[in-house]
Amino acid sequence: MKAVVIKEPGGPEVLEWAEVDDPSPAAGEVVVDVVASALNRADVMQRMGLYPVPPGTSPYPGLEVSGRISALGEGVTGWQVGDEVCALLTGGGYAQKVAVPAGQLLTVPKGTGLVEAAALPEAAATVWSNLVMTAGLKEGETFLVHGGAGGVGTMAIQIAKTLGARVVTTVGSPAKAARARELGADLTIDYRSEDFVDHGPYDVVLDVIGGQYLERNVRSLAEDGRLVVIGLQDGLAGELNLAELVFKRASVHGTTLRTRSAAAKSAIVAEVQSEVWPMIESGDVQLVISQTLPMAEAAHAHELMDAGQHIGKILLVNA
């Protein structure tokens, strides 16, 4: 088969569509013939050498796919060869085939195309696990998500709104602000000219930026507020005012989905299937796809990701 190989850490040009060995399913796994995958910020970090691959994981980028099951490992039940699925991965999605633990498989939501379903698993699992399973977002609370035009942001806006929250998001252009409002954001904040702290307080903040945002995130929290940091685009270090936490009874959570155990991911996937998929099938949560390119053009797709002008997900499709 072919897969996208990272020749060395660097820019998009280090991605190469190359011949590699076919995967085979271990016990409890299936092999999926990949129809499509989707880009995530973690793929960019991996390409740059800033996100080490977890031990025992495929070295190829790609944290989600859609496709058809082509082989079953020992002990797999409930799935059959030929089933159309999408899946949450620990890696290996930029390829023609990938081995996946059966617990990380999802059905394709009714009304969603097989290609488009590749845009769902990572964003849906990230948002649900952090907003609901970690932060406990409740109806009537105010929620802030940074980067509301990205894959996670567009999903977070819609899920939070469906849960009955007031939704605020930071964006970087009028076009992104308009799309965020279409998806349900009650307020959009242009981070280039406004300080999101001035529009708080927020009960829950979902932060994909990290770095210097930490101090302002905590300052913007309401009493009993919860900050969940899931990205480090602005760097690894930030200041933390402990008095803000103590007197507000606030909390800061740092989480990542990729390095969780297969059992933990399976538990998240099960909730996504039961709780998020009905939102998608009812139309309350829409897929937001910016562009679709051939898998062999992954380098160009990463150029688009790096430029940061897209809204929603960028997909890679096998011919």
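1. Buried residues, meaning those under 20% relative accessible area with a 1.4 Å probe and protein chains only, make up 53% of the 319 residues in the chain. The model is a predicted one, in which local features need pLDDT of at least 70 and side-chain atom pairs count only at pLDDT 80 or more, while totals for chains, interfaces and linings use all residues. Residues are numbered from 1 along each chain as its sequence is written, and side-chain values use heavy atoms, with hydrogens and water left out.

2. Along its principal axes the C-alpha trace spans about 55 × 40 × 35 Å.

3. The secondary structure comes to 8 helices and 15 strands, taken as DSSP runs (H or I of at least four residues for helices, E of at least two for strands) and numbered from the N terminus. An open sheet with parallel pairing is formed by 6 strands in the order S10-S9-S8-S11-S12-S13, where two strands pair if DSSP finds at least two bridges between them. Its edge strands, S10 (187-190) and S13 (251-254), each pair on one side only.

4. Strand S9 (residues 166-171) runs parallel to S10 and is joined to it by 4 bridges; Val171 has Asp190 in S10 as its bridge partner.

Key
Buried < 20%, exposed > 50% of the residue type's maximum accessible area, 1.4 Å probe, protein only.
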